[in-house]
Amino acid sequence: MEDVTETQTGEGAVSAALEDRPAAGTLGVDLAPLKKHARLGDLAYDAMKERLVRGAFEPGRKLTVRAVADALGVSSTPARDALNRLAAEGALIYSGPKTVIVPYLTMPALEEITTMRLALEGVAAERGAANAPADLADSLEALQGKINRGLERQRYADVLWANMEFHFAVYKCCGMPYLLSTIETLWLRIGPSFHDLYPEFAIQKYGVHNHEVVMESLREGDNRAVRAAFENDIRDGYRRLRQAIRARAD
């Protein structure tokens, strides 16, 4: 496997689902040079963590310290610090002194993460719906439009980017920062594996249906139904990811 890979962007370079994303760099994903008024190691960590949470890097992707440093516009030291922190959290694993790999999800990890997601994201969804602004459903509809365009164009990295925005737009309304931080940690571990949802999810439209129920329930003020829709989304994803893990084991 090459140390640095590039994404196929096609004509036009940026789809409608990437309207608010910086341009892809040497890693083939959207890492922009960092502003240097804060500690660079922290900024590098935050940038890489966000991309892992959003599924920008698929499992098996190899990343070098040099490639990350070049993409972020920093020296090797903050890039190495960021990768060390992410490796300590289990989001990356070292395959050499200067190279990390995005790990594949194991079945025990999937089981544990899914159990925790159902409990924690269920709470965040229901409380978020109860505290949501009146126009949240409209904002979600715009995000769903990006998801749908990404599905139609088979641009699944774009879909994952907008999907994270959709979920956390509701969760952030819960007013529970510690809960959100824990949920984000779970997504840090499972986010790359969301690539395994496709193309099946694009064909069956499981996520689309669940998101439509979320928006409809928000407009109706049915907070429990919002929670149930997100829980169904997690369960549907679990079944597909379980299939993918089993297929790799065969």
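1. Of the 250 residues in the protein chain, 49% count as buried, where buried means under 20% relative accessible area, exposed means over 50%, and partly exposed lies in between (1.4 Å probe, protein chains only). The model is predicted: local features need pLDDT of at least 70, side-chain atom pairs count only at pLDDT 80 or more, and totals for chains, interfaces and linings use all residues. Residues are numbered from 1 along each chain as its sequence is written, and side-chain values use heavy atoms, with hydrogens and water left out.

2. The protein chain exposes about 12,000 Å², of which carbon and sulfur atoms supply 50%; accessible areas come from the Shrake-Rupley method with a 1.4 Å probe, and for residues only the protein chains shown count as cover. Among contacts between residues at least 6 apart in sequence, 74% join residues at least 24 apart. Contact here means heavy atoms within 4.5 Å.

3. The protein chain contains 10 helices and three strands, and along the sequence they follow the pattern α-β-α-α-β-β-α-α-α-α-α-α-α. Helices (H or I, at least four residues) and strands (E, at least two) are DSSP runs, numbered from the N terminus.

4. The three strands form an open sheet in the order β1-β3-β2, with antiparallel pairing; two strands pair if DSSP finds at least two bridges between them. Because β1 (62-64) and β2 stand at the edges with a single partner strand each, one side of each is left without a neighbour in the sheet. Neighbouring strands of this sheet are turned by 35° against each other on average, direction ignored. For such angles, axes are lines fitted to C-alpha atoms, for helices over the stretch in contact, and angles run from 0 to 180 degrees between N-to-C directions.

5. On the pairings themselves, strand β2 (residues 93-96) and strand β3 (residues 99-101) are antiparallel and joined over three bridges. Ile93 stands opposite Ile101 in β3, and β2 and β3 form a hairpin with two residues between them. Three bridges also join β1 to β3, again in the antiparallel sense, and Thr64 stands opposite Thr99 in β3.

6. The largest nonpolar core has 69 residues, and those with the most contacts inside it are Leu140, Tyr171 and Tyr198. Helix α6 (residues 156-171) gives the most to this core, with nine residues. A nonpolar core is a set of buried Ala, Val, Leu, Ile, Met, Phe, Trp, Tyr and Cys residues joined through side-chain atoms within 4.5 Å. Not counting residues up to four places away in sequence, Tyr171 touches Glu121, Ala124, Ala125, Leu180, Ile183 and Phe230.

7. Arg54 lies in the loop between α1 (40-53) and β1. With 8% relative accessibility, Arg54 counts as buried. Its contacts, leaving aside neighbours within four places in sequence, are Leu160, Trp161, Met164 and Glu165.

8. The structure holds zero disulfides, a disulfide being a pair of cysteine sulfur atoms within 2.5 Å. The sulfur of Cys173 is too far for a bond, because the closest cysteine sulfur, in Cys174, is 8.2 Å away. Cys174 counts as buried, at 6% relative accessibility.

9. Ala225 belongs to helix α10 (residues 223-249) and, at 21% relative accessibility, counts as partly exposed. Leaving aside neighbours within four places in sequence, Ala225 is in contact with Val213 and Ser217. The C-alpha atoms of Ala225 and Ala129 are separated by 9.6 Å, although these residues are 96 residues apart along the chain.
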